[in-house]
Amino acid sequence: MPLSVAVADAQSRCRGRLARTWVNQPRCSLLATWALPLPTGLLTGPFGGWMPMVAGLAALEGLQDVLEYHGCRLADGGAPERVLTLKWPNDLFCRGAKLGGILCELVRVDQDWSALAVGIGINLLLPRQALPIAESTSLQFHYRDLPDYQTLRDDLVDAISWHLSGEMAPLGIDGSLDRALNEPQGLRSRIAALSWTLGRQVRVVPVAGEPIEGRALEINPDASLRVRLPDGSQVDVSTADVGVLPEVAVVGA
């Protein structure tokens, strides 16, 4: 799949989901936007919610590739499994803290085709005092032997571009969407296996309505999140801010 990418070493008007700003300092973060051609019907149809999640998967895979290529080791010497995860719907997490965010927007080209703009921001070398919230983190706190900023930035752009093209291309081929999402090793199962959200207690803050709390059960075929409430009922969340709550040990358990 052809794509274009614009990269910046610093941005003055970074945007995130829900009109949030993205904090950055010069030469401390990956700040890039990719543009990919996809059918308008795919982006505006019932499966459009998968696009940010597939972009998150591509970003995570690209980051893993670069860390492995450069032989970057975990700072605490721990096992590499489940260090990098995805928080529903579009955040990169490292050891339970936000490492990066993704914003996808549709730009119509004509009746049949649109450009999907995928903006990705990842904290690479951001110092601790510059982190915007206590629940955020930077790659340098978790991995040793990171390459210099420019090498890390350029290698990440290459790796994420390769994975974005590879993951998105099957979705634009007529008739292959359901297979790409739902086959045994399809996108849905791969994203679920990397999810930081599933199985955890979450707080859901909808765009309109009162916040709710419950346990995240699964990612539905339309990319919405299914949550079980304390009374046993279940709700599907499509557009909301979902935060993972800390687990509290039960006394005597």
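Predicted model: local features only at pLDDT ≥ 70, side-chain atom pairs only at ≥ 80, totals over all residues.
Tutor: Quick ground rules: local features need pLDDT of at least 70 and side-chain atom pairs count only at pLDDT 80 or more, while totals for chains, interfaces and linings use all residues. Residues are numbered from 1 along each chain as its sequence is written, and side-chain values use heavy atoms, leaving out hydrogens and water.

Student: In what order do the five strands of the open sheet stand?

Tutor: Strands here are DSSP runs (E, at least two residues), and helices are runs of H or I with at least four, numbered from the N terminus. Two strands pair if DSSP finds at least two bridges between them. The pairing in this open sheet is antiparallel, and the order is β10-β9-β8-β7-β11.

Student: Which strands stand at the edges, and why is one side of each left without a neighbour?

Tutor: An edge strand here has a single partner strand, so one side of it has no neighbour in the sheet. The two edge strands are β10 (234-237) and β11 (240-244).

Student: Which residue in the turn between β9 and β10 has a positive phi?

Tutor: These two strands form a hairpin with five residues between them. The hairpin of β8 and β9 also has five residues between its strands, and there Ala223 takes a positive phi near 80°. In the turn between β9 and β10, with a phi of about 95°, it's Gly232.

Student: How many residues apart in sequence are the parts that Phe93 and Trp196 tie together?

Tutor: Rings of Phe, Tyr and Trp (its six-membered ring) pair if their centres lie within 6.5 Å; planes under 30 degrees apart are stacked, over 60 edge-to-face, and the rest tilted. Phe93 and Trp196 are tilted, at 6.4 Å centre to centre and 35° between the planes. Phe93 lies in β4 (residues 91-94) and Trp196 in the loop between α5 (187-193) and β7, so the parts they tie together are apart by 103 residues.

Student: Which residue lies over the face of Trp196?

Tutor: A charge sits over a ring if NZ of Lys or CZ of Arg is within 6 Å of the ring centre and within 35 degrees of the ring normal. At 3.5 Å from the ring centre of Trp196, the residue is Arg200.
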